[in-house]
Amino acid sequence: GSKESSSALMDALSLDENADVRGSAAYALGFMKSEEALPVLIKALVTDTNYEVRGRAAYALGRIKKSEAVPYLTAVFTAHKESLIRGNATFALGEIGGVEAIPFLIQALTMDKDTYVRYRAAEALGNTGNIMAIPPLKIAMNDEGSYYGWKVKDRAFEALEKISRRLQVKIFKEETSP
């Protein structure tokens, strides 16, 4: 976590020819929550030729939690076809939070064809704790999609529980009339 290691990792992310090294550097910078790495991570997110490096840069930006990354994450989420990048951008948007991320997270949950992206979106919406997430999460409780054995509907349920605790409100699957 030292400044020297952060500088070395930023150099590796920017300059190394090996995608595994660049991706590992991005991941490590995220775990260090290295705010000085923000520009290098954003550049990797937008321009790296390897989708795994881009996905790890998105993940790292989520760990750092700086709102300056939101426009880049939403642009990558909207424009990219690779599920790893969209899923990690979804994770990052949820970690950073902010009302501007909610529409993208809802879109990811309700419209994305990839189970990994929907799974991450449910998780991210739960982390935001925003009341706007409740209706799409209720719908997602019917999503039978599975990512390595983890069900989207289970993650949606957990997200609703998290929001319920955070807002101290009861959430019912079906609304009842008075």
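Author: A definition to begin with: helices (H or I, at least four residues) and strands (E, at least two) are DSSP runs, numbered from the N terminus. Glu158, for one, lies in helix 10, residues 152-167.

Reader: Where do the coordinates and numbering come from?

Author: This is a predicted model, in which local features need pLDDT of at least 70, side-chain atom pairs count only at pLDDT 80 or more, and totals for chains, interfaces and linings use all residues. Residues are numbered from 1 along each chain as its sequence is written, and side-chain values use heavy atoms, with hydrogens and water left out.

Reader: How many helices and strands does the protein chain have?

Author: The protein chain has 10 helices and 2 strands. Along the sequence they run α-α-α-α-α-α-α-α-α-β-β-α.

Reader: Switching to the whole chain. What is its radius of gyration?

Author: The protein chain has 17 Å, which agrees with a compact globule of 178 residues, since such a globule would be near 16 Å. The value is taken over C-alpha atoms, and the globule rule is 2.2 Å times the number of residues to the power 0.38. The C-alpha atoms fill a box of roughly 60 × 30 × 25 Å along the principal axes.

Reader: How much of the protein chain counts as buried?

Author: Of its 178 residues, 47% count as buried. The accessible surface is about 9,400 Å², and 53% of that belongs to carbon and sulfur atoms. Those areas come from the Shrake-Rupley method with a 1.4 Å probe; for residues, only the protein chains shown count as cover.

Reader: What share of the contacts links residues 24 or more positions apart?

Author: That share is 63%, out of the contacts with a separation of 6 or more. Contact means heavy atoms within 4.5 Å.

Reader: Now a single residue. Where is Arg118?

Author: Arg118 lies in helix 8, residues 115-128. Arg118 counts as buried because its relative accessibility is 11%.

Reader: What does the side chain of Arg118 reach?

Author: It reaches the backbone oxygen of Lys113 at 3.0 Å. That is a polar contact: a pair of N or O atoms within 3.5 Å, where within protein one must be able to donate a hydrogen and the other to accept it, and residues adjacent in sequence count only if both atoms are side-chain atoms. Leaving aside neighbours within four places in sequence, Arg118 is in contact with residues including Asp112, Asp143, Gly145 and Val152.

Reader: Where is Asp143, then?

Author: Asp143 is in the loop between helix 9 (134-140) and strand 1. Asp143 counts as buried because its relative accessibility is 14%. A polar atom of the Asp143 side chain lies 2.7 Å from the backbone nitrogen of Gly145. Beyond four places in sequence, Asp143 is in contact with Arg118, Val152 and Lys153.

Reader: Which backbone angle stands out at Tyr148?

Author: Phi of Tyr148 is positive, about 50°, although Tyr148 is not a glycine. Most residues other than glycine have a negative phi. Tyr148 sits in the loop between strand 1 (146-147) and strand 2 (150-151), and counts as exposed because its relative accessibility is 72%.

Reader: What is phi of Lys65?

Author: Phi of Lys65 is near 60°, again positive in a residue other than glycine. Lys65 is in the loop between helix 4 (51-64) and helix 5 (70-79). At 43% relative accessibility, Lys65 counts as partly exposed.

Reader: One from helix 4 itself: is Ala60 buried or exposed?

Author: Ala60, which has its place in helix 4, is buried, with a relative accessible area of 0%. The C-alpha atoms of Ala60 and Val40, 20 residues apart along the chain, are separated by 11 Å.

Note on methods
Buried means under 20% relative accessible area, exposed over 50%, partly exposed in between (1.4 Å probe, protein chains only).
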